[in-house]
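Please look over the protein below, then read on for a short tour of its strands, helices and charged pairs.

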Amino acid sequence: MMKRRVLSTIATSFAKQQTKRSSLANTVASSTMILSNNNKKSFHNKLNSVFQNATATATNLNTANHQQGAMFCFQCEQTQNGTGCTTIGNCGKTPSVAAMQDLLIYQTRQLCALAHYARKANTSISSKEFEKIDDFILRAMYATLTNVNFDEARFVEYLKECEGLTNFTKNNLLQNKLPEEYNELIKLNIHEMIEKKDIEHLVEMGKRVGVLEHNNYYGKDTNALRELLQYGIKGLCAYTEEAALLHQTDITVTDFIREAMTLLAGMSPDGKIQPNNDNDIINMCLRCGEVNIRTMQLLDKGSNDTFGHPTPTKVKTQPIPGKSILVSGHDIGDLYEVLKQTEGKGINVYTHGELLPAHGYPEIKKFKHLIGNYGGAWQQQKIEFSNFKGAILMTTNCIIEPRKQYKDRIFTTHVVGWPGVKHLESRDYSELINKALEVEGFPETIASNGQKEEFVMTGFGHHTLLGIADVIVNAVKRGDIKRFFLIGGCDGNEGERSYYKTIAQSLPKDNVILTLGCAKYRFNKLDFGTVTTIDPKTNQEVALPRLLDLGQCNDAYSAVVVANALASAFGTKDLNQLPLNLVISWFEQKAVVIFLTLLKLGFTRIRIGPNLPAFIPPSTLEFLVKTFDLHPIGYKNEAQDLKAMQEGK
């Protein structure tokens, strides 16, 4: 019998710790786990015995795990001391929000297990029956990404929705014929807490279903792989949700998400894949990367079908006088709606962060009041938003704690949330527009400050590059282009991230840089010049830019399409035979799923940093390095790294 999670500290009372919290103690103690009474199996006997012992000692909460800190989170690159945030997240996440997110993940896994078995058990159930379940799963997991939602009250609503869908799945889809494995799982009785919006008690429950408890049960190495899968699933859910907002869905993607979450719930999805078997988890991680290719394809199709194929576009980076709205995040659909609703109102619109590539889409750049891109990557927003003279809309990650200078003029939408910040429930942007009209806007003097106009280029998606594939291939064959470097991903605060700029600046003139994501802001204002080559069709000289912005982080799909096309042109199926180096800057869970995609595609010699994931211990890292020839970046010795990459190492 495979392992089951044993969370021995779930039933607690606090009576011996703080008498003033006796009410909380009684509530948490009463919300004990429901276990199977099947004593025919030795595992059940053992589990029930452990549970009884836990109940008997429930008043003692001072376990080793909970002595370590008020919270534990290590899902992103900036985690404290490279090990984990234990008092408050470097992102601003409070212990309460961390616990609520852990609780939501735990409950969503069990919903996924039920829905997965329902879909397997009765193929006559229409896929439409799963739409509202899948819609919830995508939104809920997206909300737990780094720098997305920090609002406790919103997580109570997610938990309530999860409970309702769990009951729907049990009663309607399974008709109360629950799988045996599900009956063996540990359930949390939190209905009353949700109804009362009792955040304090929900937080206490969430603290007992987090990473440290899973480490205790599965072991750090095995759980590291499980966390790698969970974070990959989070990134996959985020991209799948963004595709769904563009009306692009595929039931096979959400089928996989439910299957993987079933594994993470502690169940065997098919009777063979085991939730505690390292090889099975690694294979599931690679499947996650494979499914993400389909998701990125859907997102690419949604963007191109809706807004047209991106074309190379010069984007202004300085504001002009007038009333203004700044749109940040990733959602081009939100940007489009803002542009539509502000047309003719005397409001100038600017993009920020990952929305810079939106300027390349014909249906976006047709709006004359889309002025340009303001600012850079997400981590500078406190300064940039403070200086922006208008209203601000945050559509997806990454939001950080707003300063008082702009907290009354920033709005969130969709899965994004921050306590005290106005949340817009729909794409009716009247309040945002009214706020923009109230704010003073950029003064007339900004046009006469003597600064030279500055621009950046974007819009080099796969449609553009494949259109000149013959020129690129010919340039490589002629020796005009020696190597390609994909330098991109997520940006962040650390000084070590200057590594990416140093590598880009140090490349020979016959090297071409492909970039994507917000990591481009490290060097996208630099002039890298062009490579002169010959167009084989006309036999005329042409100049190719040495810096090609492929788009947002999900536009890694463009890189994959271009790489496959080049491999085909050079007669190889091995992408590692291409003169291509991958230099990846990671920060959060979208980067994790893209990393898994690159591994699934067979890419080796990937350089990743600036710091390695805290959730991967040395033994697991050693396995990844040996298996996939993974290279942590050498930010203290860029020259050595560059020499190795030029040699194809």
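Which residue does F484 stand opposite in strand 14? F484 stands opposite L580. The model is a predicted one.

Strand 14 covers residues 580-585. Six of its six residues are buried, so the rest of the structure largely encloses this strand. Both faces are covered. On one side sit L580, L582 and I584. On the other sit N581, V583 and S585.

Strand 9 (residues 483-489) runs parallel to strand 14, and six bridges join the two. Strand 15 (residues 607-609) also runs parallel to strand 14, joined to it by three bridges. Here S585 stands opposite G609 of strand 15. Helix 22 (residues 589-600) belongs to this region too: together with strand 14 and strand 15 it makes a β-α-β unit. That unit is right-handed.

## Helix 19

Helix 19 spans residues 469-478. Its buried residues are V471, I472, V473, N474, A475 and V476. What covers them? The cover includes helix 18 (462-467) and helix 21 (556-569), along with strand 9, strand 11 (530-535) and strand 12 (540-545).

G479 follows helix 19. The phi angle of G479 is positive, near 90°.

What is the strand order in the open sheet of six strands? The order is 4-3-2-5-6-7, and the pairing is parallel. Strand 4 (370-373) and strand 7 (422-424) are the edge strands, each pairing on one side only. On average, neighbouring strands of this sheet are turned by 25° against each other, direction ignored.

Inside the sheet, strand 5 (residues 391-394) pairs with strand 6 (residues 410-413) in the parallel sense, over three bridges. L393 has F411 of strand 6 as its bridge partner. Helix 14 (residues 332-342) packs on the sheet. This helix touches strand 2 (323-328), strand 3 (347-351), strand 4, strand 5 and strand 6. The direction of helix 14 makes about 170° with that of strand 3.

Helix 17 (residues 430-438) lies across strand 2, strand 3, strand 5, strand 6 and strand 7. Helix 17 runs at about 135° to strand 2.

Is K316 buried or exposed? K316 has a relative accessibility of 15%, so this lysine counts as buried. K316 lies in strand 1 (residues 313-316). Its side chain makes a polar contact with the side chain of E453, at 2.7 Å. Leaving aside residues up to four places away in sequence, K316 touches I371, G372, N373, E453, E454 and F455.

Q297 has its place in helix 13 (residues 278-307). Q297 counts as partly exposed, at 32% relative accessibility.

## Salt bridges

How many salt bridges does the count come to? The count is 32 salt bridges. One network of salt bridges links R119, D134, D255 and R258.

E131 and K128 meet through their side chains, at 3.6 Å from N to O. E131 is partly exposed, with a relative accessible area of 47%. K128 counts as exposed, at 59%.

R208 and E204 form a salt bridge as well, at 3.4 Å from N to O. R208 counts as buried at 3% relative accessibility. E204 is buried too, with a relative accessible area of 8%.

D510 forms a salt bridge with K482, and their closest N and O atoms are 3.4 Å apart. D510 lies in the loop between helix 20 (498-506) and strand 10 (511-516), while K482 lies in the loop between helix 19 and strand 9, so the pair ties together parts that are 28 residues apart in sequence. D510 counts as partly exposed, at 21% relative accessibility. K482 is partly exposed, with a relative accessible area of 45%.

Definitions and conventions: Residues are numbered from 1 along each chain as its sequence is written. This is a predicted model: local features need pLDDT of at least 70, side-chain atom pairs count only at pLDDT 80 or more; totals for chains, interfaces and linings use all residues. Side-chain values use heavy atoms; hydrogens and water are left out. Buried means under 20% relative accessible area, exposed over 50%, partly exposed in between (1.4 Å probe, protein chains only). Helices (H or I, at least four residues) and strands (E, at least two) are DSSP runs, numbered from the N terminus. Two strands pair if DSSP finds at least two bridges between them. A crossover is right-handed if, with the strands pointing away from the viewer, the path from the first strand over the helix to the second runs clockwise. Contact means heavy atoms within 4.5 Å. A polar contact is a pair of N or O atoms within 3.5 Å; within protein, one must be able to donate a hydrogen and the other to accept it, and residues adjacent in sequence count only if both atoms are side-chain atoms. Axes are lines fitted to C-alpha atoms, for helices over the stretch in contact, and angles run from 0 to 180 degrees between N-to-C directions. A salt bridge is a side-chain nitrogen of Lys or Arg within 4 Å of a carboxyl oxygen of Asp or Glu.
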